[in-house]
Amino acid sequence: MTPRRLRSLLALALALAGLAAALAGFSSAGPIGLVAGLLLVAGSRVWAAINVVDDIDDYITLTTEERLRTGWFAFWGISADESIEDRHLIAKSAAQHSTQLQNTARKFLDETLKDQTEAIVNGSFQVDVEPIQVATYEWTAQNPKYKTIKRPRINDHNDTIDARSGVTKDTPGAVLGTSADDKDILWFIGGGNDTIQGVKKKPNGFYYAAGHKSLNGGEKADEFIFEGAADLLKTGTQETLISQLQGDAGNDTLKLAGHFPETNEDRYGFRVDLHQGEMSLLVKPPTPKEQAYRLHSHLHSIENVETLAGATNEVI
């Protein structure tokens, strides 16, 4: 419980205690009893309004006018202004998602990956609000009824991080485990347009999805895990910039993660040319006798590749 909410609770408790003491002197019902009952109802509504305002105030800063207006609306059972509700939803969802990422990373570092991983770095994100329609309790097949509600949407954001000297507590998105020379660094950067300089003296594992990427490994064995490979074949891409994957020294690997069991005649697989340093999409050719490619990434100093399950793959 926050100090602000505790103060609110104490103030309400004192008010109700005074009211209860006054009611103790009433010997019969009647107009006075009716007034007392109304006061009790009003007290409960005040407490509900305090809770509403305090919950919002835990995540966003309200002006004095917004606080009074929101409390007044809550007293009468009316929702806060839409702009306040949106700001609250975004801030609360961002805080909850950030906590979830940190807790998940901490659990990995303390349990599953404690002997192999030194740090986990989560990519940044942003939250926006999207309206959706949901069926109401009055919905029937003959007379469908819907209402519009808002829900938060998490979007991966752009990151630029230089960690060549190491990941520290000041590295954005970093959760630290115990240090050891042979432990790796895991980067969960998701989508967005990202430029990451990995740790020079440690193995780096880059987990990435859609967007333009410039990812640089170090002197150890790095892994580039393209988690968006299957989605790319399903939906295509509007990216015009070619991603850059730099393995540097070490025995480095590109992994096309996921499974693609579907048939897509426009995009059906990947062609990885380790000699030319290129990864391309296999796309629908102009004629049946031709093969068509769409360049996706330049590969530098990458020696190994794991192909996408279920897709058509060429490795040369």
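Let me start with one word: a residue is buried when its relative accessible area is under 20%. Keep that cut-off in mind. Now to the chain itself, which is a predicted model.

First, an overview. The chain has 316 residues, and 34% of them are buried. Its secondary structure comes to five helices and 17 strands. The accessible surface is about 18200 Å². Carbon and sulfur atoms hold 54% of that surface. Now take contacts between residues at least 6 apart in sequence. Of these, 58% join residues at least 24 apart.

On to the sheet. Strands of a sheet pair through backbone hydrogen bonds, either parallel or antiparallel. Here, seven strands form an open sheet, and the pairing is mixed. Read the order with me: β5-β1-β6-β8-β10-β12-β16. Which strands stand at the edges? They are β5, residues 174-176, and β16, residues 304-306. Each has a single partner strand, so one side of each is left without a neighbour in the sheet. Neighbouring strands are turned against each other by 15 degrees on average, direction ignored.

Something also packs on this sheet. Helix α4, residues 82-112, touches β1 and β5. The direction of α4 makes about 165 degrees with that of β1, residues 117-122.

Let's walk along some pairs. Strand β6, residues 184-190, runs parallel to β8, with five bridges joining them. Phenylalanine 188 stands opposite tyrosine 207 in β8. On to β10, residues 223-226. It pairs with β8 over four bridges, again in the parallel sense. Here phenylalanine 206 faces phenylalanine 224 of β10 as its opposite residue. How many residues of β8 are buried? Four of its five, so that strand, residues 204-208, is mostly covered. Further along, β12, residues 253-256, runs parallel to β16, with three bridges between them. Lysine 255 has glutamate 306 as its bridge partner in β16.

Next, salt bridges. The structure holds 20 of them. I'll show you a few.

Take glutamate 66 and arginine 87. Their side chains meet at 3.0 Å, N to O. Glutamate 66 sits in helix α3 and arginine 87 in helix α4, 21 residues apart, so this pair links distant parts of the chain. Arginine 87 counts as partly exposed, at 31% relative accessibility.

Now lysine 202 and glutamate 118. Their salt bridge is 2.8 Å, N to O. The two are 84 residues apart. Lysine 202 lies in the loop between β7, residues 194-197, and β8, while glutamate 118 is in strand β1. Are these two buried or exposed? Lysine 202 has a relative accessible area of 10%, which is under 20%, so lysine 202 is buried. Glutamate 118 has 12%, so glutamate 118 is buried as well.

Compare arginine 164 and aspartate 162, whose side chains meet at 2.5 Å, N to O. Arginine 164 is partly exposed, at 42% relative accessibility. Aspartate 162 is partly exposed too, at 48%. There is also a network of salt bridges, linking Asp128, Glu130, Arg151 and Arg153.

Last stop: the surface. Trp72, Trp76 and Ile78 form a nonpolar patch there. Together they have about 390 Å² of accessible area. Where is tryptophan 76? Look in the loop between α3, residues 64-75, and α4. Why does tryptophan 76 count as exposed? Because its relative accessibility is 53%, and exposed means over 50%.

Methods: Residues numbered from 1 in each chain as written. Predicted model: local features only at pLDDT ≥ 70, side-chain atom pairs only at ≥ 80, totals over all residues. Heavy atoms only, no water. Buried < 20%, exposed > 50% of the residue type's maximum accessible area, 1.4 Å probe, protein only. Contact = heavy atoms within 4.5 Å. Areas by Shrake-Rupley, 256 points an atom, 1.4 Å probe, with all protein chains shown as cover. Pairing = 2+ DSSP bridges. Axes fitted to C-alpha atoms, helices over the stretch in contact; angles between N-to-C directions. Patch = residues over 30% accessible without salt bridge, like charges linked within 9 Å, V, L, I, M, F, W, Y side chains within 5 Å. Salt bridge = Lys/Arg side-chain N within 4 Å of Asp/Glu carboxyl O.
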